[in-house]
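Please look over the structure below.

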Amino acid sequence: MSESNESIELSAHVREQIDAWVAKYPPEQKRSAVLSALREVQHENDGYLTVALMDAVAGYLELPKIAVYEVATFYSMLETQPVARNSVSVCTNISCMLRGADDIVEHIEKKHGLKLGESSADGRIYLKKEEECLAACCGAPMMMVNHKYYENLTPEKVDEVLDALE
Amino acid sequence: MSEDSVTIEVNGTPMQARKGQMLIEVTDANDIYVPRFCYHKKLTVAANCRMCLVEVEKAPKPLPACATPVADGMKVFTRSQLALDAQKSVMEFLLINHPLDCPICDQGGECELQDLAMGYGRDVSRYSEGKRVVKDKNIGPLVQTEMTRCIHCTRCVRFGDEIAGLRELGATGRGEHMEIGTYVEKTMTSELSGNVIDICPVGALTNKPFRYSARTWEMVQRPTIAPHDSVGSNMDLHVKGHTVKRVVPAENEAVNEVWLADRDRYSCEGLQSPDRLQAPMIKQHGEWHEVDWEVALEQVHDRLQAVIDRDGADELAGLAAPWATLEELYLFQKWLRGLGSANIDHRLRQHDFRDDDVAPAFPWLGESLVDLEHVDAALLVGAYPRKEQPLINHRLRKAALGGAAIMAVNPAAYAQNFEFAETCVVAPSQMAQTLAAVAAALVEQGAVAGDALRGLINNVSVDDQHRRLAEALRRADNATVLLGVQAQAHPEFATLRALAGEIATLTGARLGYLGESANSSGAWLAGVLPQRGPLMGTTPGPGLDARAMFEQPRRAYCLFNLEPERDCWNGREVIRALTQADCVVAFSAYDSASLREYADVILPLALYAETAGSYVNVEGRLQSFNGAVAPPGQARPGWKILRVLGNRFDLADFDYDSAEQVRAELADAITSLRPGNHHWQLPGSLPQAAAGSLERVTRMPTNSLDPLVRHAPALQQTVDVADGHAHMHPDTAARLGLAAGAHVRLQNDGGSVELPLALDDSLAPGCVLIHATHPDAIELGGWFGNLEAGGR
């Protein structure tokens, strides 16, 4: 990957969102809004970030570009490569594991022809790599689809949810 | 015992410390070694390597010495079982992922990790899993990466943030996948980038041109002084056999602290350039012949004497470079004055000499380098210290981070690595007007100006920016006005000098000069001037200055250590004058086609690492050094050549046995001489610009400064060299009907060139910036002035 020459502008909506976040922090702490800014930008860009978009965020928040790359590559909810439209995370931490999370993962992998960390060929489903505890142990096994929790999963229930995705 | 002092006990020895100091600072000050990787005294504390864990009484677990503030009565044990166990455990973790490739690692032998692994590591690793591998990054021609060796101390990241002021490196990814790099492929553009090599405790960041060429134990370390900018950084040459393999900074808190500019670090490659002259040469009937020294010097004598006998000594002119040593410069003028000529100068890039007779004894900073850190306000006039004197810029940056208002009047809003309080971006022709407006704003605000100044400024229009600038200077307790390289090359330099001086007087600020080269100050003291002898001595004359000696062509020229077409203000005119001369004697380190064109005798010259000598830096500090390696072939140190020439012309007092003897005639006076810079002459009127024209702006790129750096290959691959583009503000290009990607034809009465257009909105409108030393820049003649433009 090399330095992007194209510079792009953030959309009016994203700028408005970032401004709202910036307003929550002291004026000299604009960088505090970087995480929220990246989330907004990713949301508008089909769920992933590009170098040009990260550069635009850096420009908007007056940060060194590398400072934005650091944040974007650190957090697992931020994607720096193109992924499918819907993000699916199956918790595989201990409670879910004891209640059959591994079978759920295997079921999704088989049914949609992908592995953990991959996107389905139809561009619908992105199965996130190794999701740790999402604090819903009482409903184990569970998964999160586009920020929404689904608990007490069975293969049938998973199919119902995933098949309904656009 | 003062209130901010505490007493602590380390390994049973009581010691005094300042309240709030970190433990490691106290142990360092008392020569108690605590191992560390991430701690560096010039950087903020990260405390992420954990190598410096020590035992502190009553603390439940070992504490990192770099991040533990001292407290009164604290008892510390750096070598207790608890401390050693902790340090050894940390070492074991650090080595888990570190490759065992010391035999093929450039850092081997000078590696902090290797050294500490000897003291704290286990003989055999308990870790049998695979080690991680990190892909290498290409971060440019100067710094080699081998990121698998990185231990994530983040010194390089903090250096970028805190010292270079340009955060280019960062830690991306997380946990096992964390990597140090630029994320996107990107060349480091900092002029201080090489320092990451020194601070990297392992072999992850190493010197790229030096790579695989020597081991540290094969080299001898020789102290010297940096030969380029006017800071005079202290440094060490690492010599293997007869070759300078690399250069590293030597610590001198008062000069370069612990840093070194890239130009000073990497220019040593130029010493080994294939263009180095190996033997004296003479031109006979248009053919060049290598001859021995005896013949060459006889030829110099006969040819120059012939001109003197026929046309008089006034037909002889001498130009020496301000990067020559003090001893060379002194003997150069002594020799020429001995021959009866006062046409002597070193100010290659000056054009306005009107106020020569009132100029200061030698233009200098007017304060110490350390003083710059403590200014409250500074006004830079025609100056870009970030690229011209990077370590002066570093001091100004520290002042700015501490709240000082650093301001500039420049032909462009140059990319800086800290925030400027104000930048007046004006075309060269408007610089004097702008300074006059600042002076007028000061008068508005109540400053009392003399009659001459009032007469000059009563009609200038003052805007709010001028007022803000004036106010910041006026309110500062500790302010300075600094004339930079572009001001000194400005066609109205005398006016800028006078106005800057008046502003300094009105605000109680110090007036200073940012010299361009290693001996810009020394050359004045050595008397390489048409109007003054050494140490401000009087001299018959005045002779012709660096401009007049070419505008009024002479019959004979002596050139010392320069490439005149690239190094002079108007290379085109200089070449014309040299070509028509009967005799040109060139003392030169490098061969070139153009040199062979105009020269008649070429004397191969030793460069800075090959001769004993001295530089006087911008604060008037005399720093001497010895030669570390022999010059190539038959090349000889300049002072020796000049001494023999003095003898050959039967001049009195030319019997020197060493550079020290030459220096002795100046050194005492130089160390005590700190004259004021407050010398100028106000002109009767301000210069008026021709309206609607396109003004030329010239800037000397960092890595094109002098012949040595121009022959250093790695530096020539950086962005800081002449790019041969016509840089213009987009509005200016639009006015001329030029679109991005177009070529623009530029001409004046002496030349015409076609250059690719580069849009740059930092430039003042109505200007075109062309980098000096590019052949097309030379073709266009003088560094400033009006040009006509058209599309292709």
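## A charged pair in chain B

B:R596 counts as partly exposed, at 30% relative accessibility. Here buried means under 20% relative accessible area, exposed means over 50%, and partly exposed lies in between (1.4 Å probe, protein chains only). B:R596 forms a salt bridge with B:D591, and their closest N and O atoms are 2.8 Å apart. A salt bridge is a side-chain nitrogen of Lys or Arg within 4 Å of a carboxyl oxygen of Asp or Glu.

This is a predicted model, in which local features need pLDDT of at least 70, side-chain atom pairs count only at pLDDT 80 or more, and totals for chains, interfaces and linings use all residues. Residues are numbered from 1 along each chain as its sequence is written, chains are lettered from A and ligands numbered from 1 in the order in which they are written, and side-chain values use heavy atoms, with hydrogens and water left out.

## Salt bridges within the chains

Over all chains, a search of the whole structure finds 59 salt bridges. One of them joins A:E62 and A:K30 at 3.8 Å, N to O. This pair links distant parts of the chain, 32 residues apart: A:E62 is in the loop between α3 and α4 of chain A, and A:K30 is in the loop between α1 (12-22) and α2 (34-44). Helices (H or I, at least four residues) and strands (E, at least two) are DSSP runs, numbered from the N terminus. A:E62 is exposed at 64% relative accessibility. A:K30 is partly exposed at 26%.

In chain B, B:K240 pairs with B:E218 in a salt bridge, with closest N and O atoms 3.4 Å apart. B:K240 lies in strand β11 (residues 234-240) and B:E218 in the loop between β9 (205-207) and β10 (220-225), so the pair ties together parts that are 22 residues apart in sequence. A network of salt bridges links B:R349, B:E516, B:E563, B:E565, B:R566, B:D567 and B:R710.

## A buried arginine

B:R347 sits in the loop between β16 (344-345) and α9 (369-372) of chain B. Its relative accessible area is 5%, so B:R347 is buried. Its side chain makes a polar contact of 2.8 Å with that of B:D345 and one of 2.7 Å with that of B:D356. A polar contact is a pair of N or O atoms within 3.5 Å; within protein, one must be able to donate a hydrogen and the other to accept it, and residues adjacent in sequence count only if both atoms are side-chain atoms.

## Annotated cysteines

The unreviewed UniProt entry annotates A:C91, A:C96, A:C133 and A:C137 as "binding site". Such annotations may be inferred rather than shown by experiment. The four are spread over 47 residues of sequence, yet they cluster in space, with a largest C-alpha distance of 9.4 Å.

A:C91 is in the loop between β1 (86-90) and α5 (94-98) of chain A. A:C96 lies in helix α5. Both are buried: A:C91 has 3% relative accessibility, and A:C96 has 2%. Beyond four places in sequence, A:C91 is in contact (heavy atoms within 4.5 Å) with residues including A:C96 and A:C133.

## Where the chains meet

The contact takes 14 residues from chain A and 15 residues from chain B. The count between the chains is 1 salt bridge. A:E70 and B:R167 form it, with closest N and O atoms 2.7 Å apart. On the side of chain A that touches chain B, α3 (51-61) and α4 (65-74) each supply at least two residues. The largest share, 6 residues, comes from α4(A).
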